[in-house]
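Have a look at the structure first, then read on.

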Amino acid sequence: MDAAAVGKMARCLAFMDSLPGFQRYKTSMLILEMMDPPRGSITADLGCGLGFDVRRLSRLVGPEGRAIGVDSSLALIESARSASEEFPAVEFVQADIQNLPFASGLLHSCKVDRTLQHVERPAVVLNEMFRTVRPGGRVVCAEPDWGTFAIEDAGHAMARQIAAIWSESFRNPRVGRELGKLLEEAGFVNIQVQEALLATPSFESSDVVFDIALTALRLAERSGSEEPLVWLTELRERDRRVCCSVTLVINCARKP
Ligand SMILES: C[S@@+](CC[C@H](N)C(=O)[O-])C[C@H]1O[C@@H](n2cnc3c(N)ncnc32)[C@H](O)[C@@H]1O
């Protein structure tokens, strides 16, 4: 990613983390409860971005444990490090999560959140999670099913077209639904599934999280038609209430 793309990604991640619906699925509701890392344990967040969840995990494992964030972007790792200086149990490593720089069995638990949708080979990441988690250790994977993505204006063909273009821009748009199979094939057992709805309530929040304006612009350029931009202007002006949503599939499993 170039500097502009990293800056955009960082703004988007910080904005998403501030949304109450996102905080609910990350903390009290699902992911951290499912991981439940004991105090003193070693845990990792794969594709950690700005490190919000690494800091949350470090509070759970305490100063005697370790919370490790892994991300391929050096710029995001550096931001995560500088935001975490007061957290004694936190470490950040720049690496491709398809090749984890950890000894086998090092981790007590591990999670990946909205990152398998981007990687070339999600199955390889699951194999790496299996290798690096110790027997009895827990893993949690949370990924969107972009097939469920909808822009509120769903009766409008343009909304459906823009939602489809956005969804297909991901390398693995359906990986949320494949998690159970991938976990099983990697060797995990006791697989449990939950879902969370990630929704944005306004035009502004929908645009930051789901890039509606840029997607409409791309479609206008590609089709040579003004129609997507007319639709966008109408949507923006419509009372500012526009709801977009996607289902996040969350799987928890254990290494036997
Ligand atoms: C949508 S963000 C999710 C960030 C974080 N999990 C969160 O919940 O805020 C995806 C992250 O995955 C990282 N990423 C993508 N492919 C990766 C790879 N192969 N190895 C490591 N990190 C990767 C990106 O740099 C980005 O920080």
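Asp211 counts as buried, because its relative accessibility is 17% (buried means under 20% relative accessible area, with a 1.4 Å probe and protein chains only). This is a predicted model, in which local features need pLDDT of at least 70, side-chain atom pairs count only at pLDDT 80 or more, and totals for chains, interfaces and linings use all residues. Residues are numbered from 1 along each chain as its sequence is written, and side-chain values use heavy atoms, leaving out hydrogens and water.

**Loop residues with positive phi**
- Asp211 is not a glycine, yet its phi is positive, near 55 degrees.
- Asp211 sits in the loop between helix H9 (203–210) and helix H10 (212–223); helices are DSSP runs of H or I with at least four residues, strands are E runs of at least two, and both are numbered from the N terminus.
- Asp36, also not a glycine, has a positive phi of about 45 degrees and belongs to the loop between helix H3 (31–35) and strand E1 (42–46).

**Helix H5**
- In helix H5 (residues 74–82), the buried residues are Leu76, Ile77 and Ala80.
- They lie on the same side of H5, because they cover an arc of only 100 degrees around the axis, taken from the directions from the helix axis to the C-beta atoms.

**Ligand site**
- A polar side-chain atom of Arg114 is 2.7 Å from a ligand oxygen atom.
- A ligand nitrogen atom lies 3.0 Å from a polar backbone atom of Ile97.
- For Asp96, an N or O atom of the side chain is 3.0 Å from a nitrogen atom of the ligand.

Key
Buried < 20%, exposed > 50% of the residue type's maximum accessible area, 1.4 Å probe, protein only. Polar contact = N/O pair within 3.5 Å; in protein donor to acceptor, adjacent residues only side chain to side chain.
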